[in-house]
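Dear colleague,

I am passing on the structure below, together with some notes on one part of it. Please read them with the coordinates open.

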Amino acid sequence: QQQPRARGWAKQSLVALAAMARVAAAPGSACSAWNPCGLQGLPDRATRSRPPPRFPVLPWSPQRAWRLGRLSCQTKPDAVESAASPTEEPKVEADSVKNSSTQSTTVSQNAVQEYPNKDINRRIAVASSLAAVGLFLSSKLDFGVSLKDLAANAVPYEEALSNGMPTVVEFYADWCEVCRELAPDVYKVEQEYKDRVNFVMLNVDNTKWEQELDEFGVEGIPHFAFLDKDGNEEGNVVGRLPKRYLLENVVALANGEPSVPHARVVGQYTSAESRKVHQVVDPRSHG
């Protein structure tokens with residue numbers, strides 16, 4: 001009984017090998033005569049030292065194939081994965097496109113919502129108007145002082161020489177650009193020390209002050225001369241200079257110091273030679 005059974009298994013094996021050989025012979029198959037069914041690990045023909053054994057090809061019958069089961073070799077092992085991956089990738093791409101479109105829509109909606117409305121625009125306009133008004137008022141308070149205002153509030157020169165207080169004499173002209181720029185600084189210092197120091201304004205266009213122009217050696221304006229309580233000159237400052245030069249000299253005069261810290265300082269000035277000489281309308285005018 002064992003011998004017939006062994007013969008039966010041998011026949012079945014031969015039939016299976018014959019079926020595998022038929023599939024290997026099909027076009028496009030990865031199988032070959034040296035490596036049936038594309039099994040990995042079997043050397044190619046070039047690397048084999050001896051030819052593989054030859055098996056007889058048995059005639060094909062459907063009953064035998066049904067009995068042994070359907071045997072086939074996989075011509076392309078990655079065919080299943082490669083077939084499944086193209087269908088999955090578009091899905092992922094579609095999902096990503098959908099998510100990106102949703103995010104872009106959300107961002108656009110948020111951007112539309114973040115635009116300022118009419119109330120915000122109205123508040124910005126009101127704040128801008130208030131800032132402009134504040135800037136205008138500050139400019140009028142701090143920088144709106146003119147030379148005419150200083151001349152109107154100045155002490156007459158004759159009175160300054162006789163009241164026993166130190167004096168600051170400024171030689172100026174209405175057309176002098178530097179004189180107009182320094183007017184606010186002069187006004188601030190005057191308002192602080194006018195109770196202890198005389199502030200005198202002499203217009204170089206007035207022929208009445210020709211002698212004083214020669215006496216103080218005025219060549220450029222504005223020219224500030226610092227006199228002690230006896231009318232003696234202790235120093236002078238000419239031209240555009242920082243406020244501290246004027247302030248420190250005035251403080252020295254107010255404190256009765258024998259000298260001023262800035263006795264001779266010259267900055268950018270306007271030449272006094274270009275002054276416009278005219279007749280004095282009011283001889284009592286000190287301007």
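The notes that follow concern a few strands and how they pair.

Please keep in mind that this is a predicted model.

I began with strand E1, which spans residues 167-172 and is mostly covered, with 6 of its 6 residues buried. Thr 167, Val 169 and Phe 171 point one way from this strand, while Val 168, Glu 170 and Tyr 172 point the other way, and all of these are buried.

On the parallel side, E1 pairs with strand E2, residues 198-203, over 6 bridges. The chain passes from E1 to E2 through helix H7, residues 177-193, and this β-α-β crossover is right-handed. Within the pairing, Val 169 stands opposite Val 200 in E2, and Val 168 stands opposite Phe 199 in E2.

E2 is likewise mostly covered, since 6 of its 6 residues are buried. From E2, Asn 198, Val 200 and Leu 202 point one way, whereas Phe 199, Met 201 and Asn 203 point the other way, and all of them are buried.

E1 has a further partner in strand E4, residues 223-227, to which it is joined by 5 bridges, and here the two strands run antiparallel. In this pairing, Phe 171 of E1 stands opposite His 223 in E4.

To put the pairings together, E1 runs parallel to E2 and antiparallel to E4.

With best wishes

How values were computed: Residues are numbered from 1 along each chain as its sequence is written. This is a predicted model: local features need pLDDT of at least 70, side-chain atom pairs count only at pLDDT 80 or more; totals for chains, interfaces and linings use all residues. Side-chain values use heavy atoms; hydrogens and water are left out. Buried means under 20% relative accessible area, exposed over 50%, partly exposed in between (1.4 Å probe, protein chains only). Helices (H or I, at least four residues) and strands (E, at least two) are DSSP runs, numbered from the N terminus. Two strands pair if DSSP finds at least two bridges between them. A crossover is right-handed if, with the strands pointing away from the viewer, the path from the first strand over the helix to the second runs clockwise.
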